[in-house]
Amino acid sequence: MKILLLGGSSFLGRAYASEALARGHEVTTFNRGRSADDLAGVEAVRGDRDCADDLARLVDGRTWDAVVDTSAQQPAQAAISARLLRERAHHYTLVSSVHAFTDWPARTVTEDSPLHPCPADTPPDQPLGSHLKAGCERAVLEGFGAERSLVLNSGLLIGPYENGGRLPWWLERMARGGKVLAPGDPERTMQVIDVRDFAAFGLDLLTARTAGRYITTALPGRLTFGEWLETCREIAGAADTRLAWVEDAPLLADGPDKVDPWTELPLWAPDLPEMAGVWLADTTRAEAAGLRCRPFAETARDTWEWLRTRGPAEDTDAEGRKGRKEAQVRQGIEPTKEQRLLAAFG
């Protein structure tokens, strides 16, 4: 098949491109060329999806069997892409997220759960928010047609080339050694999916011209947070790396060392009502359609091998970065703050 990837070079887009090339498909990628290099073997078209002239140049003289959109963040982006491509491709896959559902993360979500009330014609350049993914979905379905559209509501993606920094942070933290702050309940279950398994499943549905919606993440209950951290320790840990478990309450207590769930200690989801369903998305439909997920240990090993060739860990010491022009760190606790918490509770 001839496949157009809107994105195609960074993490999920890269996984789609790699899997599609391995299956013998012809792949065109459309991106600005800033995030990462395109894979060898694709036709790389440079452009900004927010620029009408760039999109017109993309479609000039080209048609595809299918489109995979891994980069839409604004409904306006999805709307213009769907309108422009509906006469030039037969099938449109939009990678959305469980964030699009109003019930997530407080409650279990299914494909029939209500979406955030964000219209397809939402003006461009909105501040980022979960509701925008719902607007992207509506824009694709209205512009391309429900009978030719596939929406994949992604769960938490991990794996080599991860740009979210969650699994990489834990692996690199284990590699630094010493006592590691392990937050919350080690028996709390998780749902994480290897980006390569996600892309393989998405391409299976694409080649079958499947329409509809699928929540696409791992089966609930396959992995605990304790197993996550212990696996990271086994794979990347230094000789003296050891876990120090601290219950939720001290970490959530108001004060200068209060810890932000999910980001300061990546993927820590405390036992709070507003996070009760964070790892309980219903994957029944996707599993029935053939979704298969590899063991977490395999993903962690492959990610660690990539990290060892990628280079040093991202600097998480905010104090040491004061006055330097560097991007804000998205994941990870400051080492000095972690040490204070360990001294108090670990």
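Tutor: Helices (H or I, at least four residues) and strands (E, at least two) are DSSP runs, numbered from the N terminus. This is a predicted model, in which local features need pLDDT of at least 70, side-chain atom pairs count only at pLDDT 80 or more, and totals for chains, interfaces and linings use all residues.

Student: How far apart are the end C-alpha atoms of α4?

Tutor: The expected span of a helix is 1.5 Å times one less than its number of residues. For the 14 residues of α4 this gives 20 Å, and the model agrees, because the end C-alpha atoms of α4 are separated by 20 Å.

Student: How many of the residues of α4 are buried?

Tutor: Buried means under 20% relative accessible area, exposed over 50%, and partly exposed in between (1.4 Å probe, protein chains only). Among the buried residues of α4 are L132, C136, V140 and F144, and what covers the buried residues includes α3, β5, β6 and β11. Helix α4 is mostly covered, its buried residues numbering 10 of 14.

Student: What is the radius of gyration of the protein chain?

Tutor: The protein chain has 11 helices and 15 strands. The radius is taken over C-alpha atoms, and the globule rule is 2.2 Å times the number of residues to the power 0.38. For 346 residues that rule gives 20 Å, so the chain is as compact as a globular protein of that length, with a radius of gyration of 21 Å.

Student: Is W170 buried or exposed?

Tutor: W170 is found in helix α5, where contact (heavy atoms within 4.5 Å) joins it to residues including V180, F225, W228 and L265, not counting residues up to four places away in sequence. Because its relative accessibility is 0%, W170 counts as buried.

Student: Which residues touch the most other members of the largest nonpolar core?

Tutor: A nonpolar core is a set of buried Ala, Val, Leu, Ile, Met, Phe, Trp, Tyr and Cys residues joined through side-chain atoms within 4.5 Å. The largest one has 44 residues, and those that touch the most other members are W170, V192, W228, L265 and W279.

Student: Which residue's side chain is joined to that of D257 by a polar contact?

Tutor: D257 has its place in the loop between α8 and β14, and it touches L251, K337, R340 and L341, not counting residues up to four places away in sequence. A polar contact is a pair of N or O atoms within 3.5 Å; within protein, one must be able to donate a hydrogen and the other to accept it, and residues adjacent in sequence count only if both atoms are side-chain atoms. At 2.8 Å, the polar contact partner of D257 is R340.

Student: Which residues does a cis peptide bond join?

Tutor: Most residues other than glycine have a negative phi, and most peptide bonds are trans. P105 sits in the loop between β5 and α4, and a cis bond with omega of about 10° joins P105 to W104.

Student: What is the phi of L267?

Tutor: L267 lies in the loop between β15 and α9, and at 1% relative accessibility it counts as buried. Although L267 is not a glycine, its phi is positive, at about 75°.

Terms used:
Residues numbered from 1 in each chain as written. Heavy atoms only, no water.
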